[in-house]
Amino acid sequence: EDSLSFLPQKMEITQAFDTYNDHRIAMAFAPLAILGKPVTINDPGVVSKSYPTFWRELQKILNFEF
(Lines give C-alpha, C1' and ligand atoms only; values in the text may rest on other atoms or scores of the structure.)
Protein backbone atom coordinates (compact mmCIF):
# COMPACT_ATOMS: atom_id res chain seq x y z
CA GLU A 1 0.00 0.00 0.00
CA ASP A 2 2.74 2.44 0.85
CA SER A 3 5.60 1.29 -1.35
CA LEU A 4 6.81 1.83 -4.87
CA SER A 5 8.68 -0.79 -6.89
CA PHE A 6 10.46 -0.53 -10.21
CA LEU A 7 11.08 -3.54 -12.39
CA PRO A 8 14.22 -3.62 -14.55
CA GLN A 9 13.61 -2.67 -18.15
CA LYS A 10 15.82 -2.42 -21.19
CA MET A 11 16.05 1.21 -22.12
CA GLU A 12 17.73 2.90 -25.04
CA ILE A 13 18.40 6.58 -24.50
CA THR A 14 18.75 8.23 -27.88
CA GLN A 15 17.91 11.88 -27.34
CA ALA A 16 19.13 14.68 -25.14
CA PHE A 17 16.88 15.89 -22.33
CA ASP A 18 15.88 19.55 -22.30
CA THR A 19 15.64 21.11 -18.86
CA TYR A 20 13.32 24.00 -19.78
CA ASN A 21 15.24 26.05 -17.21
CA ASP A 22 14.06 23.68 -14.46
CA HIS A 23 16.76 22.20 -12.23
CA ARG A 24 14.47 19.34 -11.18
CA ILE A 25 14.39 17.93 -14.71
CA ALA A 26 18.19 17.74 -14.91
CA MET A 27 18.38 16.18 -11.47
CA ALA A 28 15.65 13.66 -12.22
CA PHE A 29 17.13 12.34 -15.46
CA ALA A 30 20.80 12.36 -14.45
CA PRO A 31 20.65 9.03 -12.56
CA LEU A 32 19.81 7.29 -15.84
CA ALA A 33 23.58 7.20 -16.28
CA ILE A 34 23.48 4.25 -13.86
CA LEU A 35 22.35 2.22 -16.86
CA GLY A 36 25.84 2.62 -18.25
CA LYS A 37 24.69 4.46 -21.36
CA PRO A 38 25.47 8.05 -22.29
CA VAL A 39 22.89 10.55 -21.05
CA THR A 40 22.91 14.07 -22.45
CA ILE A 41 21.20 16.82 -20.49
CA ASN A 42 20.98 20.17 -22.21
CA ASP A 43 21.84 23.09 -19.90
CA PRO A 44 23.28 21.03 -17.01
CA GLY A 45 24.23 24.23 -15.22
CA VAL A 46 20.59 24.78 -14.35
CA VAL A 47 21.14 22.72 -11.18
CA SER A 48 23.21 25.52 -9.70
CA LYS A 49 19.95 27.14 -8.59
CA SER A 50 19.34 24.62 -5.86
CA TYR A 51 22.35 22.27 -5.66
CA PRO A 52 25.56 23.74 -7.08
CA THR A 53 27.61 20.61 -6.33
CA PHE A 54 25.05 18.17 -7.71
CA TRP A 55 27.22 16.91 -10.58
CA ARG A 56 30.24 16.40 -8.34
CA GLU A 57 28.15 14.46 -5.81
CA LEU A 58 26.54 12.32 -8.51
CA GLN A 59 29.97 11.62 -9.93
CA LYS A 60 31.08 10.28 -6.52
CA ILE A 61 28.04 8.02 -6.32
CA LEU A 62 28.36 6.68 -9.87
CA ASN A 63 32.16 6.52 -9.59
CA PHE A 64 32.93 7.70 -13.14
CA GLU A 65 33.66 10.83 -15.14
CA PHE A 66 31.00 12.84 -16.91
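A residue counts as buried when its relative accessible area is under 20%, as exposed when that area is over 50%, and as partly exposed in between, using a 1.4 Å probe and protein chains only. By that rule Phe17, at 18% relative accessibility, is buried. The model is a predicted one, so to speak only of what it can carry, local features need pLDDT of at least 70 and side-chain atom pairs count only at pLDDT 80 or more, while totals for chains, interfaces and linings use all residues. Residues are numbered from 1 along each chain as its sequence is written, and side-chain values use heavy atoms, with hydrogens and water left out.

Now for the overall picture. The chain has two helices and zero strands; here helices (H or I, at least four residues) and strands (E, at least two) are DSSP runs, numbered from the N terminus. Along the principal axes, the C-alpha atoms fill a box of roughly 35 × 30 × 25 Å. Of the 66 residues in the chain, 21% are buried. The chain exposes about 5500 Å², and 55% of that comes from carbon and sulfur atoms; such areas come from the Shrake-Rupley method with a 1.4 Å probe, and for residues only the protein chains shown count as cover. As for contacts (heavy atoms within 4.5 Å), take those between residues at least 6 apart in sequence: 45% of them join residues at least 24 apart.

Charges come next. Lys and Arg count as positive and Asp and Glu as negative, with His and the chain ends not counted. Each charge is placed at NZ of Lys, CZ of Arg, CG of Asp or CD of Glu. On that basis, the 6 positive and 8 negative charges of the chain have mean positions 6 Å apart.

Then there is the inside. A nonpolar core is a set of buried Ala, Val, Leu, Ile, Met, Phe, Trp, Tyr and Cys residues joined through side-chain atoms within 4.5 Å. The largest one has nine residues, namely Ala26, Ala30, Ala33, Ile41, Val46, Val47, Phe54, Leu58 and Leu62. Helix α2 (residues 54-62) gives the most to this core, with three residues. Val46, one of the core residues, is in contact with Thr19, Asn21, Asp22, His23 and Ala26, leaving aside neighbours within four places in sequence.

The segment before α1 deserves a walk-through. Phe17 is found there, and it touches Phe29, Leu32, Val39, Thr40, Ile41 and Asn42 once neighbours within four places in sequence are set aside. Phe17 and Ser50 are 33 residues apart along the chain, and their C-alpha atoms are separated by 19 Å. Not counting residues up to four places away in sequence, Thr19 touches Ile25, Ala26, Ile41, Asn42, Asp43 and Val46.

Tyr20, also in the segment before α1, is exposed because its relative accessibility is 67%. Its phi is near 50 degrees, a positive value in a residue other than glycine. Asn21 has its place in the segment before α1 too, with a phi near 60 degrees, again positive in a residue other than glycine. At 53% relative accessibility, Asn21 counts as exposed.

Asp22 is found in the segment before α1 (23-29) and is buried, since its relative accessible area is 17%. Its side chain is joined to that of Arg24 by a polar contact of 2.8 Å. A polar contact is a pair of N or O atoms within 3.5 Å; within protein, one must be able to donate a hydrogen and the other to accept it, and residues adjacent in sequence count only if both atoms are side-chain atoms. Ser3, placed in the segment before α1, is exposed at 64% relative accessible area.
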